[in-house]
Amino acid sequence: GLLSLMCAKLEGVRQVHACEMNDALCAVAREVIAAQSDSCCPVTVHASVSTELCLPSKVDLLFCEVFDAGLLGEHALPTILHAKKALLKEGGVLVPARATIFGQLVEAPSLLERFGVPRPPAGVSLSAARLRSSERYTCETLSAVLHRALTEPVPLVKLDFNEIEYMQSNFGTWIDPPVQLEACQEGAAHALVFWWELELDEAGECRIHSAPSEGGCESWQQAVRPLAPPVPGGAEQALHLKAGEKLQLHLRVQADGIEVML
């Protein structure tokens with residue numbers, strides 16, 4: 001509802017269509033908008049996902065906020081690609097225009113607890129245990145977690161939301177060349193931590209990011225992907241890096257996130 005009102009109060013806007021699949025939130029959005037109806041253009045809130053939306057005509061501007069901590073976990077790519085093709089006029093404006101995912105390797109044994117058993121209970125052997133997480137990553141506020149950064153943050157993936165055909169044709173394809181990482185200090189690579197930066201306009205002058213550094217949007221946490229096996233003693237099996245050591249990070253973009261292989 002708030003994004004709809006912001007768009008509805010822009011100069012020159014004649015009509016706004018908003019989508020909300022949650023019935024309760026949809027009802028709240030309609031109440032909020034009704035209370036502001038005298039100060040903005042008409043806003044229609046559709047109780048639907050955008051992929052099922054049917055409009056009388058295509059729109060001039062498409063604003064998408066379908067991002068999670070890992071950028072793509074809420075199926076943002078299929079949603080944006082469909083909306084641009086089915087709902088946006090030729091030459092229309094898409095917000096955001098582009099996105100970049102940044103990441104770094106960290107040593108943080110406590111983060112592995114999200115994905116497996118860090119140590120067996122006293123007197124109990126769990127050597128045969130194999131725990132598998134249904135999540136590709138967890139969401140953490142990195143500044144609140146004890147960790148050591150083993151590499152500097154680097155760009156992992158760059159996405160141009162205006163390049164529909166290129167993005168669709170490269171789903172599931174390993175990115176070539178792989179990302180080069182260099183260890184800045186010695187340690188065990190327990191996890192890949194990543195976040196994103198959005199370029200809202202085509203010129204890239206207006207940007208927001210979810211980095212753990214100062215200035216990041218606090219509405220989003222950082223995504224954490226484990227690199228150690230989720231078994232008792234898994235932390236000891238993590239890749240051990242020496243300062244100055246270089247390694248390659250292989251990545252490919254899927255509909256619901258990035259896949260990683262060291």
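Glutamate 202 and arginine 98 form a salt bridge through their side chains, with an N to O distance of 3.0 Å. A salt bridge is a side-chain nitrogen of Lys or Arg within 4 Å of a carboxyl oxygen of Asp or Glu. The pair links distant parts of the chain, 104 residues apart. Glutamate 202 lies in the loop between strand 11 (191-199) and strand 12 (207-209), and arginine 98 in strand 5 (residues 98-107). Helices (H or I, at least four residues) and strands (E, at least two) are DSSP runs, numbered from the N terminus. The model is predicted: local features need pLDDT of at least 70, side-chain atom pairs count only at pLDDT 80 or more, and totals for chains, interfaces and linings use all residues. Residues are numbered from 1 along each chain as its sequence is written, and side-chain values use heavy atoms, with hydrogens and water left out.

The two partners differ in burial. Buried means under 20% relative accessible area, exposed over 50%, and partly exposed in between (1.4 Å probe, protein chains only). Glutamate 202 is exposed, at a relative accessible area of 51%. Arginine 98 is buried, at 17%.

The search of the whole structure finds 7 salt bridges. One of them joins the side chains of glutamate 199 and arginine 207, at 3.9 Å from N to O. Glutamate 199 counts as buried, with 11% relative accessibility. Arginine 207 is partly exposed, with a relative accessible area of 43%. Salt bridges that share partners join Arg98, Glu197, Glu199, Glu202 and Arg207 into one network.

Arginine 252 and glutamate 259 also meet in a salt bridge, at 2.9 Å from N to O. Glutamate 259 is partly exposed, with a relative accessible area of 21%. Glutamine 254 sits in strand 15 (residues 246-254). Its relative accessibility is 18%, so glutamine 254 counts as buried. Beyond its neighbours within four places in sequence, glutamine 254 is in contact with Leu72, Leu77, Arg136, Gly172 and Glu259. Contact means heavy atoms within 4.5 Å.

Helix 2 (residues 23-35) has 13 residues. From first C-alpha to last it reaches 19 Å, close to the 18 Å expected at 1.5 Å a residue. The expected span is 1.5 Å times one less than the number of residues. The buried residues of helix 2 are Cys26, Ala29 and Ile33. Seen down the helix axis, these buried residues fall within an arc of 60°, so they line one face of helix 2. The arc is that of the directions from the helix axis to the C-beta atoms. The buried residues pack against helix 1 and strand 2 (43-46). Ala24, Glu31, Ala34 and Ala35 are exposed on the other side of helix 2. The N-terminal end of helix 2 is capped by asparagine 22, with a side-chain oxygen 3.0 Å from the backbone nitrogen of alanine 24.

Glycine 1 touches Ala29 and Ile33, not counting residues up to four places away in sequence. Glycine 1 is found in the segment before helix 1 (2-8). It is partly exposed, with a relative accessible area of 41%. Glycine 1 and cysteine 26 are 25 residues apart in sequence and 8.1 Å apart in space, C-alpha to C-alpha.

Serine 50 lies in the loop between strand 2 and strand 3 (59-63). Serine 50 is buried, with a relative accessible area of 15%. Leaving out residues up to four places away in sequence, serine 50 touches Cys19, Thr79, His82 and Leu87.

Over the whole protein, the secondary structure comes to 4 helices and 16 strands. Of the 262 residues, 41% count as buried. Among contacts between residues at least 6 apart in sequence, 81% join residues at least 24 apart. The accessible surface comes to about 14,600 Å², of which 52% belongs to carbon and sulfur atoms. Accessible areas come from the Shrake-Rupley method with a 1.4 Å probe; for residues, only the protein chains shown count as cover.

Definitions and conventions. A polar contact is a pair of N or O atoms within 3.5 Å; within protein, one must be able to donate a hydrogen and the other to accept it, and residues adjacent in sequence count only if both atoms are side-chain atoms.
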